[in-house]
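Trainee: Could you walk me through this one before I set anything up? I'd like to begin with the pockets and then move on to some helices and side chains.

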Amino acid sequence: MATIIPSTDEDLAISVVRFVSEHAWADAGADVAEPQVARLCQEAQECIVMARWLDLASLILTSADLVFTKVSEKDVECIYTVICNLVTKSENPDEVLEIVKLVTAKITQRPSEKPALRLKVLFNLYNLLEDAYSRYYVYLKSLQLAASGKVTEHVIPSFKKVDSFLKEWNVGVEDQRELFLTIFNILKDSKSCGKDSFNFVTKYLATFSQDDGNVMGEVKDEAVNAIIEFVKAPDMFQCDLLDMPAVAQLENDSKNSLIYQLLLIFLTQRLESYLDFQTANSDLLKSYGLVHEDCVAKMRLLSLVDLASKSGQIPYAVIKDTLRVNDNEVEHWVVKAISAKLLDCKMDQMNQVVIVSRCAERLFGQQQWVDLQSKLVTWRENIANVVSTIQANKITDDAAQAMQSMTVR
């Protein structure tokens with residue numbers, strides 16, 4: 001059996017060509033194989049002399065792809081390390097990207113065959129690249145390979161670095177959309193990644209504006225998915241979906257207007273509205289995998305937040321009626337709201353009233369940002385006034401002390 005014997009870079013490339021071509025032509029017999037192997041090695045030598053790195057990559061990949069499952073994983077890694085290293089030889093970014101596209105196309109062609117090993121090859125290629133867009137391209141193809149090969153556990157940890165990756169890559173909106181949607185599709189079926197899944201689908205939807213009217217209709221399904229993700233999540237109580245044009249378009253959409261109405265209920269209304277909606281649309285909710293009891297539990301917490309936003313003191317009786325619970329369950333739901341960090345409050349059992357010191361915002365869109373800015377401006381002005389008062393008092397005290405000192409002398 002042929003072996004790969006490393007010497008100089010150029011010799012190693014020829015050794016790899018000989019290794020993969022001998023394996024690719026092994027079944028043809030020596031009389032046929034030897035001339036073919038010699039021809040391929042000669043072509044490879046010419047590519048090296050002429051610095052035709054794209055042609056060399058294509059030549060090696062043709063045979064390497066044929067022997068991927070026939071040789072050991074160690075040999076596969078060695079073969080593709082040599083191929084991937086060709087990106088470091090070219091000084092032309094366009095040629096580098098073409099080599100990248102060639103390698104990724106071959107590696108992702110059969111994702112079910114040794115997918116983890118294929119991912120490893122792409123990770124190695126990524127680390128050899130300096131061009132930002134080529135890095136983005138390889139990362140995206142790695143995610144698609146992981147999804148098709150069912151080895152997403154190898155890529156999910158990297159999602160927490162996506163924001164920093166995007167700053168480094170500096171890619172356009174279309175590329176960002178494809179990346180966000182790919183990540184969302186990987187995460188959406190994972191029960192432990194609900195928040196991350198929602199985060200990436202909202203990032204995707206946020207890239208669309210009113211100016212994208214010609215493609216807005218294509219994202220309706222993703223907008224619906226975002227709403228369902230939010231409604232399903234037991235620990236998400238706030239979002240800015242209503243401010244997104246991609247979501248707002250559902251309001252007047254004949255197919256999806258009810259889902260938009262459901263979002264409005266969860267963000268702006270109380271339990272009673274949800275119960276009315278559920279009575280009229282129970283089949284719709286079931287079709288999206290929404291569990292009625294879970295929705296009721298979430299709406300009770302959101303209704304309690306709504307009560308707190310209207311008054312600093314909430315009678316137990318009002319909570320009981322609004323949440324539709326028994327007398328002995330009122331404090332249980334208040335405690336749940338505190339645990340979910342939706343409320344800061346005290347329960348006055350003697351007077352049967354909840355005293356609220358803080359409650360979460362159910363909506364956090366443009367208006368909430370404006371309100372927050374106004375509060376920060378007021379806070380800054382108050383701090384400035386306090387500092388001015390302290391400084392004025394200090395000047396007065398210093399003057400008084402100076403006068404007292406002069407009087408004593």
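Predicted model: local features only at pLDDT ≥ 70, side-chain atom pairs only at ≥ 80, totals over all residues.

Trainee: Fine. Which helices each supply at least two residues of the lining of the largest pocket?

Mentor: Those are helix H9 (173-187), helix H10 (194-206), helix H12 (220-232), helix H16 (292-310) and helix H18 (330-339). The lining comprises 29 residues, and Ile-228, Glu-229, Lys-232, Ala-233 and Pro-234 are the ones that lie nearest the centre of the pocket.

Trainee: How much space lies in the largest pocket, and how do its lining residues divide by class?

Mentor: The space in the largest pocket comes to about 600 Å³, and its lining is made of 14 nonpolar, 5 polar and 10 charged residues.

Trainee: And what about the second largest pocket, what lines it?

Mentor: The second largest pocket holds about 230 Å³ of space and is lined by 13 residues, with Phe-123, Tyr-126, Tyr-139, Ser-158 and Phe-165 nearest its centre. Helix H6 (115-128) and helix H7 (132-149) each give at least two residues to that lining, which by class has 7 nonpolar, 4 polar and 2 charged residues.

Trainee: Let me step back to the whole protein. How many helices and strands does the protein have?

Mentor: There are 19 helices and 3 strands. Of the 409 residues in the protein, 42% are buried, and if you take the contacts with a separation of 6 or more, 61% of them are between residues 24 or more positions apart.

Trainee: Back to H7, then. Which of its residues are buried, and what covers them?

Mentor: The buried residues of H7 are Ser-134, Arg-135, Tyr-136, Tyr-137, Val-138, Tyr-139, Leu-140, Ser-142, Leu-143, Leu-145, Ala-146 and Gly-149. Their cover includes H5, H6, H8 and H9.

Trainee: What happens at the start of H7 and just after it?

Mentor: At the start of H7, a side-chain oxygen of Asp-131 comes within 3.5 Å of the backbone nitrogen of Tyr-133. Just after H7, Lys-150 has a positive phi of about 60°.

Trainee: What span should H7 have, and how far apart are its end C-alpha atoms?

Mentor: With 18 residues at 1.5 Å a residue, H7 should span 26 Å, and its end C-alpha atoms are 26 Å apart, so the two values agree. For H9, the 15 residues should span 21 Å, which agrees with end C-alpha atoms that are 21 Å apart.

Trainee: Which residues of H9 are buried?

Mentor: They are Asp-175, Arg-177, Leu-179, Phe-180, Thr-182, Ile-183, Phe-184, Ile-186 and Leu-187, and what covers them includes H7, helix H8 (162-169), H10 and H12.

Trainee: Where is Ser-90 found, and what does its side chain pair with?

Mentor: Ser-90 sits in the loop between helix H4 (73-84) and helix H5 (93-107), and it is buried, with a relative accessible area of 10%. A polar atom of its side chain lies 3.1 Å from the backbone nitrogen of Asn-92, while a polar contact of 2.5 Å joins the side chains of Ser-90 and Glu-95. Leaving aside neighbours within four places in sequence, Ser-90 is in contact with Trp-53, Glu-95 and Val-96.

Trainee: Last one: is Lys-220 buried or partly exposed?

Mentor: Lys-220, in helix H12, counts as partly exposed at 23% relative accessibility. Not counting residues up to four places away in sequence, Lys-220 touches Gln-249, Leu-250, Asp-253 and Asn-256.

Definitions and conventions. Residues numbered from 1 in each chain as written. Heavy atoms only, no water. 1 Å grid on protein atoms, 1.4 Å probe; cavity = no way out; pocket = protein on both sides within 12 Å on 5 of 7 lines; lining within 4 Å. Points joined across faces, edges and corners; volume = space filled by probe spheres on them. Helix = DSSP H or I, 4+ residues; strand = E, 2+ residues; numbered from the N terminus. Nonpolar A, V, L, I, M, F, W, Y, C, P; charged D, E, K, R; others polar. Expected span 1.5 Å × (residues − 1). Buried < 20%, exposed > 50% of the residue type's maximum accessible area, 1.4 Å probe, protein only. Contact = heavy atoms within 4.5 Å. Polar contact = N/O pair within 3.5 Å; in protein donor to acceptor, adjacent residues only side chain to side chain.
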